Amino acid sequence: MSDIIISLDKVKKVYFLDTVEVDALKDISLDINAGDFVSIAGPSGSGKTTILNLIGCVDKPTSGAVIVHGKRTSDLNDDSLTELRHRSIGFIFQTFNLIPVLNIRENVELPLLLDSQTGNEHKADRKEWVDYLIESVGLKERMLHKPAELSGGQRQRVAIARALVMKPAIVLADEPTANLDSATGESILRLMRHMNETFGTTFIFSTHDPDIVEEADHIIRLRDGRIVEDRRIHGETSVGFAVGATGTEGGQL
Amino acid sequence: MIAARLAWGNLGLHRRKSLLIGMIMGMGILILFLGNSLIETALSGLQRMFVQGYTGDLMVTGPTEFSTTVLGETAGSEEVLPHIAQIKKYEDFLASRGDVASTLPLLSGQVSFGIGETELGFGYCFGVNVDDYRNFFPDNVTLVNGEWPAESNGPWVLLSEPTLALLNKSASSPVQPGTKIIMTALANSAGTVIREVTVKGVIKFNQSNQQLAGITLVDADTMRDLLGFASLRDGAPVLSGQEAAFVTGFDPDSLFNDLFAGSGGATGAAVSGAAAPEQSASTQTSVVAEVVPAWQFLLVRVKSGANSSRLLSDLSAFSEQIGDGDRVQDWIAGAGKVARTAVTIRLAFDLLVAVVAVVVVMIMMNVLIISVNERLYEIGTLRAIGAKRRVVRNMILYETTFLALIAGAAGLLAGLVLLLILGKIGIRAPNLFFEALFGGQVLKPTVSGGAAIRAFLWILAMGLGASWYPTIVALRIEPVVAMRGD
């Protein structure tokens with residue numbers, strides 16, 4: 001067993017394109033356990049990104065319940081959703097989405113700097129933790145460079161470090177390898193798996209690459225807004241550092 | 001502080017837009033700073049010149065509907081300005097206040113000068129007690145030739161240098177101290193009045209413009225004669241009992257009952273009550289009337305640091321109580337067209353600035369909106385990874401504030417350099433109008449701290465105003481935008 005960290009119950013999401021209703025998700029129900037390495041697979045338009053948006057609390061369902069880390073997202077206001085994203089969810093974007101004006105170190109540290117509860121007393125611990133993450137993703141030598149000076153793969157490594165810096169319970173990755181060549185994509189996937197195993201962080205990534213899908217231990221396949229497969233391969237996964245903890249002590253890779 | 005860090009970085013990343021907005025702000029500050037400093041220099045110079053040399057801070061004038069300059073120019077009327085009937089009450093009221101430094105009664109009008117039958121020219125004249133005048137304006141008059149008159153000297157005149165030069169142009173022999181000249185004025189109430197006066201000296205006004213430099217000082221009694229007011233040169237008039245009764249118990253309606261029997265009486269002399277009875281040729285009892293000397297103006301200087309606006313208000317209220325219709329006005333009204341023009345120019349400049357500000361704000365707003373739209377994914381990402389709306393709002397506000405600070409510093413520095421250069425070389429007045437406005441032939445602008453602060457606050461307000469709508473646009477960006485890709 002593992003604790004269920006994400007639960008979708010009869011979730012429906014309808015978009016309106018002008019006057020046309022588009023059913024992006026149709027009565028989706030699923031559970032994701034803490035520490036899972038989950039892939040959401042399916043062709044374009046199948047609803048992968050919509051599910052990630054709902055789990056990531058950047059969107060709300062038209063009907064049904066999305067429960068993340070014990071909280072029903074439709075009951076939360078904007079500030080509470082922001083707080084939930086900040087503390088419990090890390091994001092890895094297909095296009096990396098690093099802040100161009102900040103260097104690598106600052107980009108990784110950014111979520112910590114947005115935390116008004118992080119005082120100066122933890123500054124030394126914070127620095128150590130950020131340095132550790134950057135070293136873990138192999139970018140120690142480039143930590144003072146700007147994102148524009150890095151390759152795609154390096155940028156995605158920075159994004160992974162940034163996603164983990166708050167020690168979130170969940171990391172969402174929307175097609176993290178789509179903009180990378182296959183070798184770099186594989187190395188990114190290995191890094192994500194490594195982080196998943198090291199910290200016990202729940203990783204949920206979307207992809208339409210069949211090889212990458214099979215790397216996950218929980219595979220969810222979508223088609224036309226419906227789940228066509230929900231399969232666990234490796235059984236339960238272990239949990240590393242405290243789920244949702246925001247302390248500054250890092251685990252070991 | 002992360003909002004400030006992001007804002008600073010964004011300014012560098014979007015250099016062209018930052019430069020464009022910065023240049024608009026910098027130019028705005030430069031124009032505001034320069035313009036306000038020039039106007040303030042001219043206005044403060046004008047104020048100093050008039051207050052310390054001609055008008056005082058405030059003045060009471062005889063009853064009139066219109067503002068009247070100290071030169072006796074009454075807007076909309078050709079009448080001689082009437083005297084202040086109860087000037088003593090004003091003097092007592094002002095003497096009782098702690099914020100009044102001194103007062104000066106004054107007469108003013110335009111006269112012609114001549115020698116014998118020959119008319120030599122026209123000029124403005126102040127009728128004054130010379131000692132009081134010199135005490136009231138201690139630094140503005142210098143005796144160039146001759147001597148200061150004593151009150152016992154009889155009719156005297158102190159000609160200004162330009163007036164002397166004007167008279168000497170046409171005079172057959174040089175006009176100089178000791179020369180007797182003829183002064184003529186058209187007093188409405190008494191027809192044409194001619195007086196012979198002795199030139200006691202030649203004076204120079206230390207702060208003046210072309211018009212003011214030509215003012216002539218004449219003894220108050222001669223000026224009263226010229227303006228048609230009662231003169232006290234020969235002492236108070238002796239009135240017969242019938243005359244005294246007429247003056248003290250004057251009923252205008254009686255004029256119509258006995259149209260040709262009335263007596264004109266002295267215009268402008270305030271007669272109050274009857275004094276000791278005297279014998280006269282007639283069998284009736286005569287009286288010496290208590291006559292208050294006629295003055296058209298009572299100039300007031302306030303003490304240093306005192307609030308002249310408050311005194312203006314209190315004095316106006318007091319004048320209302322007296323109820324004679326006297327006018328209380330500030331130095332600007334007393335200075336007339338020149339000062340009003342300067343004030344109008346400042347108002348016009350402020351209006352122009354306000355109009356330009358609206359246009360500039362619109363331009364800046366557009367540039368900022370474009371900038372926000374170019375950063376949709378960046379702002380969406382910030383929101384997705386946990387930035388609350390206030391972080392986004394602060395980021396935009398910091399960007400505007402940084403720009404205002406940098407552009408403001410550059411604009412102020414450029415303005416400072418220009419003002420220092422202009423202060424050294426001066427701006428030469430191109431014509432008489434500007435000469436009057438500048439208070440001289442050359443305006444040497446001074447650096448005004450107030451103008452600098454006002455310019456900066458204007459720009460900051462414009463910057464913040466311009467960022468208002470872009471901030472709203474930025475705050476509407478939802479975190480889901482980050483998921484859509486760059």
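Modeller: Let's start at I204(A), which touches I32(A), V38(A), I40(A), L52(A), I55(A), I170(A) and L172(A), leaving aside residues up to four places away in sequence; touching, or contact, means C-beta atoms, placed from the backbone, within 7 Å. Bear in mind that this is a predicted model, where local features need pLDDT of at least 70, side-chain atom pairs count only at pLDDT 80 or more, and totals for chains, interfaces and linings use all residues. Residues are numbered from 1 along each chain as its sequence is written, while chains are lettered from A and ligands numbered from 1 in the order in which they are written.

I204(A) also belongs to the largest nonpolar core, which has 194 residues; along with I160(A), I29(B) and L298(B), I204(A) touches the most other members. Such a core is a set of buried Ala, Val, Leu, Ile, Met, Phe, Trp, Tyr and Cys residues joined through C-beta atoms within 7 Å. Buried here means 20 or more other C-beta atoms within 10 Å of a residue's own; exposed means 12 or fewer, and partly exposed falls in between. Helix α2 of chain B (residues 15-55) is the top contributor, giving 16 residues to this core. The core also takes at least three residues from each of domain 1 (2-49 + 339-484) and domain 2 (63-232 + 294-325) of chain B, with bounds from an automatic or database domain assignment.

Now to I160(A), which is one of the buried residues of α5(A). Helices (H or I, at least four residues) and strands (E, at least two) are DSSP runs, numbered from the N terminus. Ten of the 13 residues of α5(A) are buried, R155(A), R157(A) and R162(A) among them. Their cover includes β6 (89-92), α3, α4 (123-136), β7 (170-174) and α6 (182-199) of chain A.

What about the two chains together? In total, 23 residues of chain A are in contact with 22 of chain B. On the chain A side, α1 (48-55), α2 (78-88) and α3 (104-113) each give two or more residues. The largest share, four residues, comes from α2(A).

Notes. Two residues are in contact if their C-beta atoms, placed from the backbone, lie within 7 Å.
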